[in-house]
Amino acid sequence: MASEKTDPDQLTKVWASENITGLVKGLNIIEAFSTERKPLTIASAARATNISRASARRCLLTLLHMGYVVQVGSAFHPTPRLLRLGDAYYENASLPQLAQMHLVNARDRLRESVSLAVLDDYEVVFVARAEAEKIVSTVAQLGRRLMGYCSATGRVLLADLSDEELNVYLGTLEPKALTRHTITDKAKLREVIVQARADRLAIADEELEEGMVSMAVPVTDVAGHTVAAMSVSASRARISAERMKSELAPVLREYADALSRNL
């Protein structure tokens, strides 16, 4: 298959044709690199964003001109420069900034890693974190995305959905077992999410990763809506789910509530 490369003059023409519609399409293609989790060709970018091949080509060439992607044959690969777009959020957003002190204080008291995450398109995105010295998992690393149904953090965030929204989510969900403990039955998932709503707390015991237990509580705004989840994760060899709930939950709630008062 012939490569669809172009010359510098064509890149300049693409760069010169600015319009809002083009910006929207370009942003959709940037997001497609995350959702597709692989390099994009013009054809696959068009399919992923539901735009024409011509529009996808213009957008990818603009990103190439700006240094956000490189082209290898017919495929476009994201470059580290794309991380600057995320930095704009992590460095300036008030929620991660406000949360960091609380996460550090919670970590120091619990002696375990503590994270903050938000919900984006039913997925968990970690936006702030305080690492403990004994790092035993990289699941909750900054910027990482996780499916919501199988994590304590996700269940706390999903618990804030209305019953109708939860029905839509579960109706389209195709749960997969990440470990032998992962709950994949939709009726059971509904049960644990609704329970998380009632308890304002959720625990995932080796469902996301063998040997790891995690617990999350909500961070709320002035209206009482859950805007984020604060979580702690630890090795199952050090602490059981039962002990985590009885011993660590009060401390985690203390700092989640303190952050909530800042919002």
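This is a predicted model: local features need pLDDT of at least 70, side-chain atom pairs count only at pLDDT 80 or more; totals for chains, interfaces and linings use all residues.
Residues are numbered from 1 along each chain as its sequence is written, and side-chain values use heavy atoms, with hydrogens and water left out.

## The whole chain

Let's start with the overview. The protein chain has 10 helices and 9 strands. Here helices (H or I, at least four residues) and strands (E, at least two) are DSSP runs, numbered from the N terminus. Of the 263 residues in the protein chain, 44% are buried. Buried means under 20% relative accessible area, exposed means over 50%, and partly exposed is in between (1.4 Å probe, protein chains only).

Now for contacts, meaning heavy atoms within 4.5 Å. Take the contacts in the protein chain with a separation of 6 or more: 58% of them are between residues 24 or more positions apart. As for the surface, the protein chain exposes about 13,800 Å², and carbon and sulfur atoms supply 52% of that. Accessible areas come from the Shrake-Rupley method with a 1.4 Å probe; for residues, only the protein chains shown count as cover.

In soluble globular proteins, nonpolar side chains tend to be buried together. A nonpolar core is a set of buried Ala, Val, Leu, Ile, Met, Phe, Trp, Tyr and Cys residues joined through side-chain atoms within 4.5 Å. The largest one here has 31 residues, and L116 and M230 have the most contacts inside it. The elements giving two or more residues to this core are α6 (94-110), β4 (113-120), β5 (123-130), β8, β9 (226-235) and α10 (241-262). Of these, α10 gives the most, with 9 residues.

Look at L116 itself. Leaving aside neighbours within four places in sequence, L116 is in contact with several residues, including L95, L103, V127, M230 and L259. There is also a second, separate core of 25 residues, with L161, I193, A216 and A229 among them.

## β4 and its partners

Two strands pair if DSSP finds at least two bridges between them. β4 pairs with β9 in the antiparallel sense over 5 bridges, and 7 bridges join β4 to β5, also running antiparallel. On the β5 side, V118 stands opposite V125. The hairpin of β4 and β5 has 2 residues between the strands, and D121 takes a positive phi near 55 degrees there.

Elsewhere, 3 strands form an open sheet in the order β1-β3-β2, with antiparallel pairing. β1 (40-41) and β2 (69-72) stand at the edges with a single partner strand each, so one side of each is left without a neighbour in the sheet. β1 and β3 (residues 75-78) pair over 2 bridges, and L40 stands opposite F76 in β3.

Helix α4 lies across β1, β2 and β3, running at about 110 degrees to β2. Axes are lines fitted to C-alpha atoms, for helices over the stretch in contact, and angles run from 0 to 180 degrees between N-to-C directions. S55 lies in α4 (residues 53-66). At 5% relative accessibility, S55 counts as buried. The S55 side chain makes a polar contact with the side chain of R58 (3.2 Å). A polar contact is a pair of N or O atoms within 3.5 Å; within protein, one must be able to donate a hydrogen and the other to accept it, and residues adjacent in sequence count only if both atoms are side-chain atoms.

Most residues other than glycine have a negative phi. R200, in the loop between α9 (186-199) and β7 (202-205), has a positive phi near 55 degrees. R200 is partly exposed, at 38% relative accessibility. E206 has a positive phi of about 60 degrees and is found in the loop between β7 and β8 (212-220). At 15% relative accessibility, E206 counts as buried.

Finally, find E254 in helix α10. E254 is partly exposed, with a relative accessible area of 39%, and the E254 side chain makes a polar contact with the side chain of R109 (2.9 Å). E254 and A106 are 148 residues apart in sequence and 8.5 Å apart in space, C-alpha to C-alpha.
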